[in-house]
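Please look at the sequence and the model shown below before reading on.

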Amino acid sequence: MTGKLTVIGLGPGSPLQVTPEALAAVDAASDFFGYGPYVERLELRPDQRAHASDNREEISRAAQALTLAASGADVCVVSGGDPGVFAMAAAVCEAMEAGPPEWANVDFAVVPGVTAMLAVAAKAGAPLGHDFCTISLSDNLKPWSVIEKRLIAAADAGFVMAFYNPVSKARPHQLTQAFDILRAHLPGNVPVIFGRAAGRPDEKIRIESLDSARSDMADMSTCIIIGSVETRLIHRDGGQPLVYSPRSWSAGKA
Ligand SMILES: C[S@@+](CC[C@H](N)C(=O)[O-])C[C@H]1O[C@@H](n2cnc3c(N)ncnc32)[C@H](O)[C@@H]1O
């Protein structure tokens, strides 16, 4: 018997940023797997079951969800933001590829969500108006040397960058190193946006320059957007400046 597995994104935190498609998937499913704080955001009926687990248990969570779906249940795996951005959709695919053949035959769907970078960008203005890339600063799943290389390549190529997983208790120094690397490749006046807890009641958007940016301005709930040489500020009376990247590139050839 084959059931269904849907990986859904709940957006960055605001109930207004959960899509109708995600809500419909929640309504249809019987069992919900995810990191505790994400599962707690669901308003489940008495006939629906939550299976919360720790943050670092992605593959065993995916395996449990696939096992239950393969037995015929309608299962949801829940992520914050978008499930395809540094989240559970890829973990489920990894487990599926390594697992028994019946896992690959489960009816599988991914429901997109508003990723943190987009929620932060919207609060700051339009910093992603030109080409951009996203980089997770966590070296749990890749060597730090690869991250350094990507930072330099992205800076030299003129990309705006969005950093996910910028710091953690186990990695307190890497964001400082990342800023130091970027200062050697970008002007010090490039805008840097620290977007903390976007969409949640404790949301905080802070705008600095690359020269004034410090790692203690970020925590695990922060997404950082680093501007390009083209990214600029519009100062307005009585509010934070708008940060935006024009759609066209006028800084010359790379
Ligand atoms: C494992 S990644 C998950 C990303 C998520 N799937 C998404 O699309 O937003 C966790 C990182 O996302 C960022 N993040 C998640 N929610 C956020 C929020 N509400 N505001 C700012 N950053 C957030 C932070 O950089 C955090 O360290």
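Domain bounds, as used in this report, come from an automatic or database domain assignment. This is a predicted model, in which local features need pLDDT of at least 70 and side-chain atom pairs count only at pLDDT 80 or more, while totals for chains, interfaces and linings use all residues. Residues are numbered from 1 along each chain as its sequence is written.

**Domains and ligand**

The assignment divides the protein chain into domain 1 (4-114) and domain 2 (117-244), and the C-alpha centres of domain 1 and domain 2 are 28 Å apart. Where they touch, 7 residues of domain 1 and 9 residues of domain 2 take part, a contact being two residues whose C-beta atoms, placed from the backbone, lie within 7 Å. On the side of domain 1 that touches domain 2 there are 3 nonpolar, 4 polar and no charged residues. In this classing Ala, Val, Leu, Ile, Met, Phe, Trp, Tyr, Cys and Pro are nonpolar, Asp, Glu, Lys and Arg are charged, and the others, Gly among them, are polar.

A residue counts as near a molecule if its C-beta atom, placed from the backbone, lies within 6 Å of it. The ligand is surrounded by 25 residues, of which Pro-12, Gly-81, Thr-115, Ala-116 and Cys-223 are the closest. Two or more residues of this shell come from each of α6 (116-124), β9 (191-196) and β11 (222-226); such helices (H or I, at least four residues) and strands (E, at least two) are DSSP runs, numbered from the N terminus. The shell, made up of 12 nonpolar, 10 polar and 3 charged residues, draws at least three residues from each of domain 1 and domain 2.

**Cores**

A residue is buried if 20 or more other C-beta atoms lie within 10 Å of its own, exposed if 12 or fewer, and partly exposed in between. A nonpolar core is a set of buried Ala, Val, Leu, Ile, Met, Phe, Trp, Tyr and Cys residues joined through C-beta atoms within 7 Å. The largest nonpolar core has 39 residues, and Val-120, Ile-193, Ile-224 and Ile-225 have the most contacts inside it. Helix α6 gives the most to this core, namely 7 residues. Another core, of 36 residues, lies apart from it and includes Ala-65, Leu-66, Ala-89 and Val-111.

**Helix α4**

In helix α4 (residues 88-98), the residues Met-88, Ala-89, Ala-91, Val-92 and Ala-95 are buried. Seen down the axis of α4, these buried residues fall within an arc of 165°, so they line one face of the helix; the arc is that of the directions from the helix axis to the C-beta atoms. They pack against β1 (4-9), α3 (58-70), β4 (74-79) and β5 (107-111), whereas Glu-97 and Ala-98, on the other side of α4, are exposed.

**Single residues**

Most residues other than glycine have a negative phi. Phe-86, in the loop between β4 and α4, has a positive phi near 50°, and Ala-197, in the loop between β9 and β10 (204-209), has a positive phi of about 50°.

| Residue | C-beta neighbours inside 10 Å | Class |
|---|---|---|
| Phe-86 | 21 neighbours | buried |
| Ala-197 | 19 neighbours | partly exposed |
| Ala-25 | 20 neighbours | buried |

Leaving out residues up to four places away in sequence, Ala-25 touches Thr-6, Ile-8, Cys-76 and Val-111.
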